[in-house]
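Open the model in your viewer and keep the selection tool at hand. We will take a short tour, one stop after another.

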Amino acid sequence: MKSFHQTHAGELTPEAMQQEISSKGYVLVRGLLPNDAVTSVLNDVTRVLSAAGWLLQNHDPAERMANIDAACGDPDPAFKRVYQQVFNLESFHALPHHHALRRVMKMIVGEQAFVHPKPIGRLIFPRCEQLVVHPHQDYEFMGGDAECFTVWIPLHDCPVCVGPLRILEGSHRFGIQKHDRENLRVPEIPAGMAAGDEWAGGDVGAGDVLIFHSMTVHAASPNVSEQLRLSIDCRFQDASRSLNPANLVFAGESGKSWEKTYAGWQADDLKFYWKQMPLNFKPSKAELEVLAQTAASPAARAKYGRIVSQLD
Ligand SMILES: O=C(O)CCC(=O)C(=O)O
């Protein structure tokens with residue numbers, strides 16, 4: 001695997017960022033986010049994990065030493081309970097809106113940069129092969145407009161042994177690639193089948209961000225350390241491009257809602273910010289209303305109904 005090509009936060013220009021993304025499919029920006037911004041989210045997350053018994057009690061929670069007896073991952077109910085507490089943290093949602101990140105994302109997607117409101121937290125126990133994310137393109141999961149970009153943000157220094165992401169350079173140039181869905185909970189591109197140039201990887205530090213196109217194939221490296229790997233991934237696009245409304249709400253049966261997420265927040269500015277914007281939904285709300293009546297299965301009709309009800 002070759003080393004990531006890297007750019008330093010002090011030397012960014014829109015031309016350089018766009019050139020980097022269009023040639024390689026990603027850009028790794030070193031030192032973009034201030035350490036205290038990242039560490040304060042890390043502290044909030046590790047407080048939750050420590051209370052859940054996921055961390056060894058005789059260590060500082062910030063060290064993330066894993067209690068391997070508690071190891072779990074999605075879709076274990078034990079994992080979902082803890083994940084929900086992390087997802088509800090105000091600081092977890094605020095980090096993707098950090099002005100330093102917004103500035104860079106405007107260079108890539110334009111002045112109307114829109115931050116998708118549902119970041120994903122990765123709480124990855126070490127030495128658990130089934131928790132390692134396999135090669136895929138985010139477009140497979142997000143839909144909407146392909147000109148959408150993921151930002152991967154580790155909450156601590158992430159040397160290769162702790163399992164940072166790796167990127168298949170140039171893979172965004174090959175369009176939608178075939179994902180295997182059969183007998184898999186999460187679709188993935190079968191081993192060795194992804195089209196692209198060469199895999200790139202390496203250490204990613206706290207404060208660094210890895211930005212990549214929705215068609216760029218990426219995967220996690222295995223976490224072979226003794227520590228949990230904690231990261232956030234969030235998505236940005238030009239607000240005028242089409243967007244799948246399922247990415248704004250909770251389409252599943254879990255009963256999650258923005259009201260429950262926001263219940264313990266101090267500030268209001270990041271609550272429902274996306275509802276104030278003239279977004280271009282694909283499928284549109286009218287199309288979703290039809291699907292809620294006509295989709296083939298009762299489960300699909302119920303899912304579309306839940307999406308529509310949360311858009312009002
Ligand atoms: O952090 C991980 O392990 C996977 C992240 C990922 O696949 C993504 O950001 O799209």
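This is a predicted model: local features need pLDDT of at least 70, side-chain atom pairs count only at pLDDT 80 or more; totals for chains, interfaces and linings use all residues.

**Stop 1: the ligand**

Select the residues around the ligand: Arg122, Val133, Asp138, Thr150, Trp152, Leu165, His218, Ala220, Ser231 and Asp233. Now show the strands. The elements that supply two or more residues to this shell are β6 (148-154), β10 (218-220) and β11 (229-238). Colour the shell by class. You will find four nonpolar, three polar and three charged residues.

**Stop 2: Val41**

Move on to helix α2, residues 35-51, and pick Val41 within it. Is Val41 buried or exposed? Val41 has 24 other C-beta atoms within 10 Å, so it is buried; the cut-off for that is 20 or more. Next, show its contacts. Beyond its neighbours within four places in sequence, Val41 touches Ser91, Phe92, Leu95 and Leu155. Draw a line from Val41 to Leu95. Their C-alpha atoms are 7.7 Å apart, although 54 residues separate the two along the chain.

**Stop 3: α2 and α3**

Which residues meet here, in α2 and in α3? Select Val45, Val48 and Leu49 on the α2 side, then Val82, Gln85 and Val86 on the α3 side. This contact of α2 with α3 has five nonpolar residues, one polar and no charged.

Definitions and conventions: Residues are numbered from 1 along each chain as its sequence is written. A residue is near a molecule or strand if its C-beta atom, placed from the backbone, lies within 6 Å of it. Helices (H or I, at least four residues) and strands (E, at least two) are DSSP runs, numbered from the N terminus. Ala, Val, Leu, Ile, Met, Phe, Trp, Tyr, Cys and Pro count as nonpolar, Asp, Glu, Lys and Arg as charged, and the others, Gly among them, as polar. A residue is buried if 20 or more other C-beta atoms lie within 10 Å of its own, exposed if 12 or fewer, and partly exposed in between; C-beta atoms are placed from the backbone. Two residues are in contact if their C-beta atoms, placed from the backbone, lie within 7 Å.
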